Amino acid sequence: MNRICGWLDTGTTSSVTTDARAQVIESMARSLGGLSDSLIQSRLSDTGALGVRARPGQTELCKDGPISVALAGRPEWRDSTLAAQASHIGFALSLAHAWRERGHGLLSSLHGRFALAIIDGQREEALLAIDRAGAEEMCYALRDSTLVFGATADAVTAHPSVRPDIDPQSLHDYLYCHMVPAPGTIYRGVSKLLPAQFAHLRKGVLSIDFYWSMPYADDSPDDYARYAEEFRRLLEESVRDASTTDRIGAFLSGGTDSSTVAGMLAKTQGARPHTYSIGFDAEGFDEMEFARIAATHFGCTTHEYYVTPSDVVDAIPRIAAAYDEPFGNASAVPTYFCARMAREDGRTLLLAGDGGDEIFGGNARYAEQEVFERYRKVPAPFRAVLDGALGHLPDALAVGVLRKGRNYVRRANIPLPDRMEVFNHVEREGAGSILAEGLLRTIDADRPRAIAREVYGRTRSTAMVNRMMHLDLKQTLADSDLRKVSRMCELADIEVTYPFLDERLMDFSARLPADYKVRNGQLRWFFKDALKDFLPQATLTKSKHGFGLPFGLWMQQDPALGALARRSLEGLVDRNIVQSVFVRRLLDRHSTEHASYYGVMIWVLMMLEQWLQAHPHARLDN
């Protein structure tokens, strides 16, 4: 990806020359989509405005008088007048017209997957925005009167006014979250937009706000038959509308979401869809059996690959380098090999099942936290007695059922969303035991929790499951899973789209009663019940797994993988990022206690060092 970035200098935009504005437009294109000259087509509208267009999913550009627009993704207008205009003159030019008439209010009518940048030299304004699910990305930095922006943090730091200085706070946040949670980035002073967020620069003043939020309805009527009929129809429409090419395939892990997408693809195509599945020769991690059950059930043309430890060793440097920030989600590895297999098979588009858990109640912690929330509904006097009797029970007396009772009371007394992090490795070890002393003086150990609290509390819903899903739409989905899948598909040179993030389905899920999502501890109750005659029984009853990588086990078994991991952790010690005593303790526990649990943190640390090696321009002063 070309790292030239777009910019806006509010002190000079009103007098920017035509040639200079063209340079800005080109920079916007390259930063937002890596535009290839072979894909560009120019056209002159009836008004004499210049539009530069590319194939769907690539960057579209226009320069209409003092207004410059760059647009990436697959947006759509819900406004019929704007939609007709876009079909005639191009989407980017229609955005320029909408900007003149509505300003940033145009975002309420803009839907689909997109990232956009609008520069208005006459008004001395700029607008940056991304879609409601955060499927596209936008990073930015404000330096004096200059707004620097791009699709990646690297694109922003390519501008001479933005130094690629690593933010120590973001190193802590990365270790805590296994990615750098928005709005931060790995670089000091560089931010990224959250889902449905926009940045509006006006005469040197930058304001950040949201133009949409999930419209959860806590008082939804209980009308199962109507909901089920609408749900099946929307599922089919979302998959059909996402199928924009004949050279299409689908990820198939064998879980509920990927099986549903594959099944709907078979139904809408009326043929045997191509599905792509990854396996592991490791007990407890291989789900190929379930992928095969779903493929047979829907009559799919299957493609399978078993990832090996040597594959992982070869892929780690490439995967780390593909991200503009450190990224510690280990399932990026199987995602990459799956996407590469599809591309080598001639596919140009993959459908992914990401998002289903976050809008229909599929993450295991939703049911787990429901158990603890029941305690908080116990009358206060009785709860005080239990707190005194169990919550402060000494270790010598806390045996058997009493230990379980004490642990339950202690966890129940931690409010959400903090309670979800009680097993977080950084939370249990403490940042003071992990990070080098020079970094500790500059970080706020509470920031990851503060970010989560803000998102958890921002929704108007009072239902616990809706609040947790609202947090996961940002934290689990936009910050992690979508970054994982989109970037690995980009590395494999294949496009990806997410049918569950069709806004019709998102709005529908928000209207469902909260107990349709998790009912009596059953995850995705409505989803599975409404599809009980569509999905295989084994899919409906299987436990949630996903594309988990058996890294912790393989690190013990494969010398090359183990050596790479140890060298990487030693590199972080040499950089004065983590303490040597922590690394020794972590490696010892991995080899003697629980390989999978401690392997997660080893992977996160290893990928940080690999990212630093791939980004030598990134500077850390500690």
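Here is a short chat about a predicted model of a protein.

Reader: How many helices and strands are there in the protein?

Author: Let's start with the overall make-up of this predicted model. The chain has 622 residues, and 58% of them count as buried. As for its elements, the protein has 19 strands, and the helices number 26.

Reader: Among contacts between residues at least 6 apart in sequence, what share joins residues at least 24 apart?

Author: Take the contacts in the protein whose partners sit at least 6 apart in sequence. Then pick out those joining residues at least 24 apart, and the share comes to 71%.

Reader: At what angle do the axes of α25 and α26 cross?

Author: Two packed helices are described by the angle between their axes and the distance between the axes. Here, α25 covers residues 580-592 and α26 covers residues 595-614. Their axes come within 8 Å, and the crossing is left-handed. The angle is roughly 145°.

Reader: How many nonpolar residues are in the contact of α25 with α26?

Author: On the α25 side you'll find Phe582 and Leu586, among others, and the α26 residues they meet include Tyr598 and Ile602. Sorting the residues of this contact gives 1 charged, 2 polar and, for the nonpolar group, 8.

Reader: Is Ala225 buried or exposed?

Author: Ala225 sits in helix α6, residues 224-242. A residue needs over 50% relative accessible area to be called exposed. Ala225 has 57% relative accessibility, so the label is exposed.

Reader: How far apart in space are Ala225 and Ala530, C-alpha to C-alpha?

Author: In sequence, 305 residues separate Ala225 from Ala530. In space, going from C-alpha to C-alpha, the distance is 9.0 Å.

Key: Residues are numbered from 1 along each chain as its sequence is written. This is a predicted model: local features need pLDDT of at least 70, side-chain atom pairs count only at pLDDT 80 or more; totals for chains, interfaces and linings use all residues. Side-chain values use heavy atoms; hydrogens and water are left out. Helices (H or I, at least four residues) and strands (E, at least two) are DSSP runs, numbered from the N terminus. Buried means under 20% relative accessible area, exposed over 50%, partly exposed in between (1.4 Å probe, protein chains only). Contact means heavy atoms within 4.5 Å. Axes are lines fitted to C-alpha atoms, for helices over the stretch in contact, and angles run from 0 to 180 degrees between N-to-C directions. A crossing is left-handed if the near helix is turned anticlockwise from the far one by less than a right angle, and right-handed if clockwise. Ala, Val, Leu, Ile, Met, Phe, Trp, Tyr, Cys and Pro count as nonpolar, Asp, Glu, Lys and Arg as charged, and the others, Gly among them, as polar.
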